[in-house]
Amino acid sequence: MQKLLPSHKTAHSSHMPEVSAEWAAAASNLLSNIRSSWTNCTVLTTVRLPGAEEDREKIWDPSTMFSEDLWLENEKNCAVVHKSKRGRKRQELLAVALGVKVGVKGALLWQPLKLFAYSQITSLVRRAALTQNDNHFNYEKAHNFKVHTFRGPHWCEYCANFMWGLIAQGVRCSDCGLNVHKQCSKYVPNDCQPDLKRIKRVYCCDLTTLVKAHNTQRPMVVDSCIREIEARGLKSEGLYRVSGFTEHIEDVKMAFDRDGDKADISASIYPDINIIAGALKLYFRDLPIPVITYDTYSKFIEAAKISNPDERLEAIHEVLMLLPAAHYETLRYLMIHLKKVTLHEKENFMNAENLGIVFGPTLMRPPEDSTLATLNDMRYQKLIVQILIENEDVLF
């Protein structure tokens, strides 16, 4: 940090803020608190400032700190070009965090210090928003870090230290935009909250990423398609076995990618219910990580090989508990729906075994891309889905 500090002999010295030693100590103490508060996801609400009590009250008085007159007076005294409303709000927030009295002559914040404080405040606000959002579904999600080259000075949002270098200074989460050192990325908790602006599509998107970005309990495709099928297609012969037109299924896919939960899949647009059923199966096939994840695949296969029915059921239940929360909830909801499908077996000719044949390879795939392994495990995939349907009230 000392390497970045300009010398008092340079031309920049006239723009440095006239802050006393006590104020400098208070700002330093606050920044240390900001660093320590990062991992605790807390927002600083009180700061001990030097000086008389009446001065501190005046600084923290909202009528004084955030009044328009004070900003106009500050701009006039400092001969600063009129800033946008957004810029003023950011400076107000920064002044509160650093304990600097806005409006004092010469109290212009040094640019690197502003960049540092902005990065810390942005992180704290993001964490506080997650904590205070009562409607947020608390699904754990790891960050999707990728090496990134930053333009201009940047600080790590985990350790609050400077990111050195000209290229590839650190990593950035492609889902939420968190910027950290590559070394720090190993210690960042699995608390990624994806930004909806970064999610470009619905199909082929990670399941947990999608539900967290849209703040839903399950993927919108699953909810919308199942709702439509249960409304008008439970008695359709060969439901999920008979394929719809591929072109129409692709149209439904593009509608969800384009319009999200506002996609129109009603009977007036798609009268053939097999198109909706096909779009639901396509969503599960296109998941980068299947509903029954790669990590649990082998455990499910081993459980299916147990000959004793009671022990097999218990083993499957134990493996279910290993699924990520979003995957578990999606699988639970799907099995409840498929159980309703079997209740109309006389009309649709689809029992639990037939649905297991259809959904086995769709919901679970082996980690290695091996045709031989897929063929060998196909009967166990069918058996797993069949057991999940028949015992959904016990297993979930």
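User: Contact means heavy atoms within 4.5 Å. Which residues does Gln386 touch, not counting residues up to four places away in sequence?

Analyst: The model is predicted: local features need pLDDT of at least 70, side-chain atom pairs count only at pLDDT 80 or more, and totals for chains, interfaces and linings use all residues. Numbering runs from 1 along each chain as its sequence is written, and side-chain values use heavy atoms, without hydrogens and water. Gln386 sits in helix H16 (residues 371-390), a DSSP run of H or I, at least four residues, numbered from the N terminus. Leaving out residues up to four places away in sequence, Gln386 touches Ala352, Glu353 and Gly356.

User: Is Gln386 buried or exposed?

Analyst: The relative accessible area of Gln386 is 14%. Buried means under 20%, with a 1.4 Å probe and protein chains only. Gln386 is therefore buried.

User: Which strands stand at the edges of the open sheet of 3 strands?

Analyst: The order is E1-E2-E3, with antiparallel pairing. Strands are DSSP E runs of at least two residues, and pairing takes at least two bridges. One side is left without a neighbour in the sheet where a strand has a single partner, so the edges are E1 (145-148) and E3 (179-180).

Terms used: Buried < 20%, exposed > 50% of the residue type's maximum accessible area, 1.4 Å probe, protein only.
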